[in-house]
Amino acid sequence: MPSENHLADEYGVARLTARRAARELRERGLIVTVRGKGSFVAERPSGSGNEPRQA
């Protein structure tokens, strides 16, 4: 995932806005941040409830 600075520049928002968005994604378990490495899309665990429902 791009850095907070890159996202802020690309979307024309304040860095704080990009930082808050990343925090919300982390809180929802959608990204994982590794200090010194960056942020990465989290793997979707099986049985997460996001699978299509059968009729």
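Reader: How much accessible surface does the chain have, and what share belongs to carbon and sulfur atoms?

Author: The accessible surface is about 5,000 Å². Carbon and sulfur atoms hold 49% of that surface. Keep in mind that this is a predicted model.

Reader: What percentage of the residues is buried?

Author: A residue is called buried when its relative accessible area is under 20%. In this chain of 55 residues, buried ones make up 11%.

Reader: Why does the length of helix α2 agree with its number of residues?

Author: The expected span is 1.5 Å times one less than the number of residues. Helix α2 covers residues 15-27, which is 13 residues, so it should span 18 Å. Its end C-alpha atoms lie 18 Å apart, and the two values agree.

Reader: What follows α2?

Author: G29 comes after α2. The phi of G29 is positive, near 75°.

Reader: How do strands β1 and β2 run, parallel or antiparallel?

Author: Two strands pair if there are at least two bridges between them. Here 4 bridges join β1, residues 31-34, to β2, residues 38-41. The two strands run antiparallel.

Reader: How many residues lie between β1 and β2?

Author: There are 3 residues between them, and the strands form a hairpin. G36 sits in the turn, with a positive phi of about 85°.

Reader: What share of the contacts joins residues 24 or more positions apart?

Author: Among contacts with a separation of 6 or more, such pairs account for 9%.

Definitions and conventions. Residues numbered from 1 in each chain as written. Predicted model: local features only at pLDDT ≥ 70, side-chain atom pairs only at ≥ 80, totals over all residues. Heavy atoms only, no water. Buried < 20%, exposed > 50% of the residue type's maximum accessible area, 1.4 Å probe, protein only. Contact = heavy atoms within 4.5 Å. Areas by Shrake-Rupley, 256 points an atom, 1.4 Å probe, with all protein chains shown as cover.
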